[in-house]
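Look inside the fold shown here.

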Amino acid sequence: MSNEPEANFKCILLMILLVSNMFLAKNGVNSLPICPNGAINCQISTGDLFDRAVKLSHYIHSLSSEMFSEFDERYAQGRGFITKSINACHTSSLNTPEDKVQAQQIQHEDLLNLVLRVLRSWNDPLVHLVSEVQEIKEAPDTILWKAVEIEEQTKRLLEGMEKIVKRVHPGDLGNDVYSLWSGPPSVHVTDEDSRLFAFYTLLHCLRRDSHKIDNYLKLLKCRLIHDSSC
């Protein structure tokens with residue numbers, strides 16, 4: 001009996017692998033690193049790197065939107081979470097353009113570094129998200145696998161963007177660590193409403209930020225690669 005939780009978790013991880021491969025294929029996303037041979041020996045053109053990054057960012061945003069909607073419908077109805085979470089994102093202190101018009105007014109090197117800052121700011125929150133979802137009562141496995149998948153694919157996207165920035169602006173890769181997240185709220189583990197609200201806020205902010213990154217990368221691809229489809 002003592003090994004039952006471990007066995008269940010292994011089954012969930014296997015499901016995550018199987019389902020994620022299915023979703024990756026459906027979205028036209030390769031499961032390999034954006035540049036499989038690494039940064040030094042990368043033979044992929046900058047245009048193809050951008051194309052892979054755009055597909056991956058769109059995939060991440062799609063997953064985050066689905067996860068937020070599923071959690072909202074199952075746990076947040078009637079709790080008034082949305083009004084309290086609007087200005088609670090840990091990335092709110094970053095001066096990010098709110099729409100395409102604002103983003104077009106920013107120099108591409110600044111927009112590239114802004115993407116890096118936002119992605120790096122999610123490193124710790126995503127680790128917490130994966131850990132926290134396992135503590136939520138009767139949380140469906142679909143939320144868990146999406147949280148795990150988003151954490152993994154965000155790492156891939158960050159690695160890919162660092163490669164792109166090195167190519168577009170050699171020596172201009174920002175190495176600042178943006179640990180804007182102050183950590184999980186100090187609430188008692190039995191305070192279920194506070195736990196659910198904290199989780200809801202992270203999902204709301206993740207959906208918002210992943211949407212911004214998706215839009216920024218599409219704009220950057222059009223601007224830097226002169227994509228004829230733009």
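The model is predicted: local features need pLDDT of at least 70, side-chain atom pairs count only at pLDDT 80 or more, and totals for chains, interfaces and linings use all residues. Residues are numbered from 1 along each chain as its sequence is written, and side-chain values use heavy atoms, with hydrogens and water left out.

The structure holds 2 cavities of 30 Å³ or more. A cavity here is a set of points, on a 1 Å grid over the protein atoms alone, where a 1.4 Å probe fits but cannot get out; lining residues have an atom within 4 Å of a point. Grid points are joined across faces, edges and corners, and a volume is the space filled by probe spheres set on the points.

Start with the largest cavity. Its volume is about 90 Å³. α2 (46-76), α7 (141-168) and α8 (192-225) each supply at least two lining residues. Helices are DSSP runs (H or I, at least four residues), numbered from the N terminus. α8 gives the most, with 5 residues. Among the lining residues are S57, I60, W122, T154, D209 and D214. By class, 7 are nonpolar, 3 polar and 2 charged. Ala, Val, Leu, Ile, Met, Phe, Trp, Tyr, Cys and Pro count as nonpolar, Asp, Glu, Lys and Arg as charged, and the others, Gly among them, as polar.

Now turn to the second largest cavity. T91, T96, V118, R208, D209, K212, I213 and Y216 line it. Again α8 gives the most, with 5 residues. This lining divides into 3 nonpolar, 2 polar and 3 charged residues.

Conventions
On a 1 Å grid over the protein atoms alone, a cavity is a set of points where a 1.4 Å probe fits but cannot get out, and a pocket is an open set with protein on both sides within 12 Å along at least five of seven lines; lining residues have an atom within 4 Å of a point.
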